[in-house]
Amino acid sequence: MRVILAESDKTTLRHLAQRLSDLRGIAVTDLCGDLTQTFNAVEHRPPQLVILSASLVARPEFEMMDLLFRTLGVAWLAFRAKGQSTHAGGIGADRLLDPDQPDDAILARLHRAVGAGTQPPPRASAGLLRSVGHDGESRLILIGSSTGGIDALLAILDMFPADCPPTLIVQHTGASYSAGLARLLDRNAAPEVREAGDGDVPTPGRVLLAPGADHHLVLAPRAPHACTLQSGARISGHRPSVDALFHSALPMANRVTAALLTGMGRDGAEGLLALRRAGARTIAQDRETSVVYGMPGYAVQIGAAERELPLSAIGSALLNARQKVKA
């Protein structure tokens, strides 16, 4: 069994590696000190099992790791560091490993985890498409998301056909993870998903994801409204910022349908309000299906959302929104 270990404390990592390497039929293939190293190791050399410290599992970036595990069918377990709470940050007992158990018990636990497997995300369905507005111009879909947003994006893109309307996404994630997230979404969606590049023109069948944490993704004010990676301070506490993208789309608001999904804070709400006032169709994820009802909740509070919808309804709503006819 090929196993990757991840723990920030080097002494603990070496100790656990030695403990597992002594077990019959176990090969520890990589030792990782953080989630970035773990992501790269799993993506390029998929093991059967990843064992991580509970402190790494508790980090926000683990949402990315969980998607990678599900996509590749890799099982995972967490272990408690010395002195850590019995609950290990809310991790269920079915995910916990006790390295101090006897050899036979540990081996049985590892084999149970691998045997249980992981549930891959659903593959993209055909969806419905109305990519052209009443004026004959291609519509544009904008999406902003944060905490809990990766699974939300998977659910929405599952509805998108290969020739979906041009779509731009800002998902708050660490600088090291945006390229990996684009690759993962691309593997699980019918349209092409990739990081946006400076000068990219949004086109049907392409979903562009804001890259890294060094620039804001904005749209040029004049046709063909190419993507621009813009330097600058954080906006609403974030870079890239959903507000920056939404505000940049105001010149073409009559062609825009925008959604603000689960996430902490207020990023995107003011931009969504500006888009609505300029003629865009606007949607917020509802409280019941949001992991964190911060961003969409504030959008609803200030009147930025025309509709508040459960996650299951947002994909089709984005695809089938009827744009407002120009006066």
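1. In this predicted model, the largest nonpolar core comprises 52 residues, and those with the most contacts inside it are Leu52, Phe69 and Leu318. For Leu318, once neighbours within four places in sequence are set aside, the contacts are with Arg139, Ile141, Ile143, Ile156, Phe160, Thr257, Ala258, Ala259 and Ile283. As background, nonpolar side chains in soluble globular proteins tend to be buried together.

2. For the chain as a whole, 52% of the 327 residues count as buried, and the accessible surface comes to about 13,900 Å², with 50% of that area belonging to carbon and sulfur atoms. Among contacts between residues at least 6 apart in sequence, 72% join residues that are at least 24 apart. The secondary structure consists of eleven helices and 14 strands.

3. Seven of the strands form an open sheet with parallel pairing, in the order β8-β9-β7-β6-β12-β13-β14. Because β8 (192-195) and β14 (307-309) each have a single partner strand and stand at the edges, one side of each is left without a neighbour in the sheet. Neighbouring strands here are turned by 20° against each other on average, when direction is ignored.

4. Within that sheet, β6 (residues 140-145) pairs with β12 (residues 256-260) in the parallel sense over five bridges, and Leu142 has Ala258 in β12 as its bridge partner. Helix α7 (residues 178-187) lies across β7 (167-171), β8 and β9 (206-209), and runs at about 180° to β8.

5. A further open sheet has five strands, again with parallel pairing, in the order β2-β1-β3-β4-β5. Its edges are formed by β2 (27-32) and β5 (96-97), each with a single partner strand, so one side of each is left without a neighbour in the sheet. Strand β1 (residues 2-6) runs parallel to β2 and is joined to it by five bridges, with Ala6 standing opposite Cys32 in β2. Helix α5 (residues 103-116) packs on this sheet, where it touches β3 (49-53), β4 (75-79) and β5, and its direction makes about 140° with that of β4.

Definitions and conventions:
Residues are numbered from 1 along each chain as its sequence is written. This is a predicted model: local features need pLDDT of at least 70, side-chain atom pairs count only at pLDDT 80 or more; totals for chains, interfaces and linings use all residues. Side-chain values use heavy atoms; hydrogens and water are left out. A nonpolar core is a set of buried Ala, Val, Leu, Ile, Met, Phe, Trp, Tyr and Cys residues joined through side-chain atoms within 4.5 Å. Buried means under 20% relative accessible area, exposed over 50%, partly exposed in between (1.4 Å probe, protein chains only). Contact means heavy atoms within 4.5 Å. Helices (H or I, at least four residues) and strands (E, at least two) are DSSP runs, numbered from the N terminus. Accessible areas come from the Shrake-Rupley method with a 1.4 Å probe; for residues, only the protein chains shown count as cover. Two strands pair if DSSP finds at least two bridges between them. Axes are lines fitted to C-alpha atoms, for helices over the stretch in contact, and angles run from 0 to 180 degrees between N-to-C directions.
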